[in-house]
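Subject: Handing over the structure

Hi,

Here is the structure I promised to pass on to you. Please open it alongside this email, and my notes on what turned up follow just below.

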Amino acid sequence: MDLERGGGDDGGRGGGYPNAEKKDSWRAVVTLAYQSLGVVYGDLSTSPLYVYKNTFAEDIEHSETNEEIYGVLSFVFWTLTLVPLLKYVFIVLRADDNGEGGTFALYSLLCRHARVGFLPNGQLADEELSTYKKTDGGDAAPPSRGVAAASRVKRLLEKHQVLQLLLLILALIGTCMVIGDGVLTPAISVFSAISGLELSMSREQHKYVEVPIACAILVALFALQHYGTHRVGFLFAPIVVTWLVCISAIGVYNIFLWNPHVYQALSPYYMYKFLKKTQRGGWMSLGGILLCITGSEAMYADLGHFSQLSIQIAFTSMIYPSLILAYMGQAAYLSKHHFIESDYRIGFYVSVPEKIRWPVLAIAILAAVVGSQAVITGTFSIIKQCSALSCFPRVKIVHTSSKVHGQIYIPEINWMLMTLCLAVTVGFRDTKRMGNASGLAVITVMLVTTCLMSLVIVLCWHKSIFFAVCFILFFGSIEALYFSASLIKFLEGAWVPIALSFIFMIIMYVWHYGTLKKYEFDIQNKVSIDWLIGLSPNLGIVRVRGIGLIHTELVSGIPAIFSHFVTNLPAFHQVLVFLCIKSVPVPFVRPEERFLVGRIGPKEYRVYRCIARYGYRDVHKDDMEFEKDLVCSIAEFIRSSASHSGGTHESSEKDDDRMAVVGAGLRRLCEEEVELDDAAGPSNSREIQSPVVRKVRFVLPESPHMDSGEREELQELMEAREAGMAFILGHAEVKAKSGSGLIKRFVIDIGYDFLRRNCRGPAYAVSIPHASTLEVGMVYSV
């Protein structure tokens, strides 16, 4: 078994696709569970640093009794039990999208079970992808009542576009809050970890030391992101394990030393007594208690890196008991040390024995860095998913590991997160306001997950509406209580995630809206095949040597940009390929199902359409590999269309052409002769002295079963490839139609135009060399 679930020639996904397709050995599962400790649970395991500190900050008045302390412990225990354990471990983790998890995994599942996606580029062939399978929750044949309920909900969603828009906005809100959490979690984790310095220096000294040290650690953390977590990943799990053992041991020590009867506080009766006594102050303090479940969403979001069983084992056997012991130990200590209010603000470190305080401080800082690293990496992943599904401007994505597909680095987002994180740290300089901000971001993501899960229960699992209503009422009421307690502190820090989410929401929605309108313009102005067939030598059309690759968003028809190009320059290449790089609502596409190839017009025109399909977590290959796979897929299509025996299967598409999924024979017709340029220098050194220049020449193999027409077409394809490949891209100037409303003109002419000018161009997917690129300008009136 591939423990890292990566590598291979599959766009980065690896040999094992859905983790349910193979039975893992117990040894492999335990290994994955151990590895998940350092990736998934870094944030959740460091929450004891600041939960009590934020809960007892100002909202609860000092008391000589233990009712407040017991009440907080009871709330922490039941919150950890009901939300991470019951909701995520036993329910939400089952809603995986071919082994992947997260907000967009839920939205992807819903898009496949009901037509709620907005970009109209779906094809019947997409539904035949092996990863497009629809889940039933792992149960046997669903009851007819559940199917009927799913049909009613599906018809309701497909009928009302307003509901589809609300569903998209809900997914975007959850995504924006995850990005906001990527700003807030590193700040509060690192700041809380170094707060132990307060115990060894005066308040005046601490005031001038704490912020600079926190900022220095944060700058170092973000500066090291481009190296990738795989370089130091082997250190993550031992650090988290050491931290968990440390807080568990301290918890047990404090329980037996100070208050062995603290277990009585686990009774839910103490929650009632807490709220009855503290009333409004107790309700407001729930925003601090909420921080005990920060990082729970990572169990679902990082599901693709591990397996469902390994994450469940790690949480139930290590994380959950360690956290409970840590919180019980802090409560036991505080129950016998009724200090003045300011001492409560010291939080976790006040309950640590003085002899081991410095080692614990060092371990806490390391654990905080690990937890922050996981959140930052998760932010990179979700932005990549948004960009793949046309919900975020195109950005540069660097894959830092050739083995683990999820380890990526986005330079623009990294430095933006660092700037915002430093601004929050310097601006707040207080874990209470940071906690208010982080708590609102966390609980909003959980509420979004609960809402989307209720639809998944009906549409995907085919359960009755009653189960979905029970799910959303039970967990939604718990999360709504915490959400209200966090929202009431809007002016005390909770405005930060709202402001960040509002900004990212505008960016994402403007980009999605502009992309949709641009695609609709392409569809309305596409050229018919009759126009292409009508092109004759009498019009002065010249065919030049080489392959012309025309980048288009269309999956059918000829884009208007091509007619614009031919009208102004009546010449195109001897082989013409209309290339559409399309994202499909699945996490990954198998390499043998990547290309959908068809012919446009008569055979002698040598015009083809190629649709390269990628999932929202697929890795795009470099230009050399992509070009090679593209040419080989067209060659295989030529052979299969001639012999009617190749390819995997065919599917009839809209009006203009017949597309075929080119399968197992991708490399059979493409033998290579590879030459290395002598000027590249010696290649036996460990360090690359200069780039290696590869000269690839495709050779047509001899075959007695190949007829003359097929051989001639293949030979022309190979000769065109050797002559060179030119990329014809559209440089679109998108403008709102005359007579459009003020809001639409502002969104298109200012918002979308600004984002389009400042984001990566369409060449990002295949790393198109500039020397081979020809841009054709065109104005889109949408």
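One thing to keep in mind from the start: this is a predicted model.

**The chain as a whole**

There are 25 helices and 12 strands in the chain. The chain has 782 residues, and 58% of them count as buried.

**Two helix pairs**

The crossing of helix 1 and helix 14 is right-handed. On the helix 1 side, the contact is made by Trp26, Val29, Leu32, Ala33, Ser36 and Leu37, and helix 14 contributes Leu309, Ser310, Ile313, Ala314, Met318 and Ile319. Sorted by class, this contact between helix 1 and helix 14 has 10 nonpolar residues, two polar ones and no charged ones.

The other pair is helix 16 (residues 357-388) and helix 17 (residues 411-428), whose axes come within 11 Å and cross at roughly 135°. With that angle, helix 16 is oblique to helix 17. The crossing of helix 16 and helix 17 is right-handed. Here Ile376, Thr379, Phe380 and Ile383 of helix 16 meet Ile413, Asn414 and Leu417 of helix 17. By class, the contact of helix 16 with helix 17 has five nonpolar and two polar residues, and no charged ones.

Methionine 418 is buried, because its relative accessible area is 15% and the cut-off for buried is under 20%. Which residues does methionine 418 touch, not counting those up to four places away in sequence? Methionine 418 touches Val219 and Phe222.

Arginine 429 has a positive phi of about 50°, although it is not a glycine. Arginine 429 is placed in the loop between helix 17 and helix 18 (431-459), and at 54% relative accessibility it counts as exposed. Histidine 462, likewise a residue other than glycine, has a positive phi, near 55°. Histidine 462 lies in the loop between helix 18 and helix 19.

**Cysteines**

How many disulfides does a search of the whole structure find? The search finds zero. A disulfide is a covalent bond between the sulfur atoms of two cysteines. For cysteine 386, the closest cysteine sulfur is that of cysteine 391, and the two sulfurs are 6.1 Å apart, so they are too far apart for a bond; the cut-off for a disulfide is within 2.5 Å.

Is cysteine 386 buried or exposed? Cysteine 386 counts as buried, at 0% relative accessibility. Cysteine 246 also counts as buried, at 13% relative accessibility. Cysteine 470, which lies in helix 19 (residues 465-487), counts as partly exposed at 34% relative accessibility. From C-alpha to C-alpha, cysteine 470 and serine 454 are 8.9 Å apart in space, and they are 16 residues apart in sequence.

Last, have a look at glutamate 127. Glutamate 127 sits in the loop between helix 5 (103-113) and helix 6 (144-159). With a relative accessible area of 37%, glutamate 127 is partly exposed. Leaving aside its neighbours within four places in sequence, glutamate 127 is in contact with Arg115 and Tyr132. Glutamate 127 and proline 585 are 458 residues apart along the chain, and their C-alpha atoms are separated by 9.9 Å.

Over to you now, and happy browsing!

Best wishes

Definitions and conventions. Residues are numbered from 1 along each chain as its sequence is written. This is a predicted model: local features need pLDDT of at least 70, side-chain atom pairs count only at pLDDT 80 or more; totals for chains, interfaces and linings use all residues. Side-chain values use heavy atoms; hydrogens and water are left out. Axes are lines fitted to C-alpha atoms, for helices over the stretch in contact, and angles run from 0 to 180 degrees between N-to-C directions. Helices (H or I, at least four residues) and strands (E, at least two) are DSSP runs, numbered from the N terminus. Angles under 35 degrees count as roughly parallel, over 145 as roughly antiparallel, 65 to 115 as roughly perpendicular and the rest as oblique. A crossing is left-handed if the near helix is turned anticlockwise from the far one by less than a right angle, and right-handed if clockwise. Contact means heavy atoms within 4.5 Å. Ala, Val, Leu, Ile, Met, Phe, Trp, Tyr, Cys and Pro count as nonpolar, Asp, Glu, Lys and Arg as charged, and the others, Gly among them, as polar. Buried means under 20% relative accessible area, exposed over 50%, partly exposed in between (1.4 Å probe, protein chains only).
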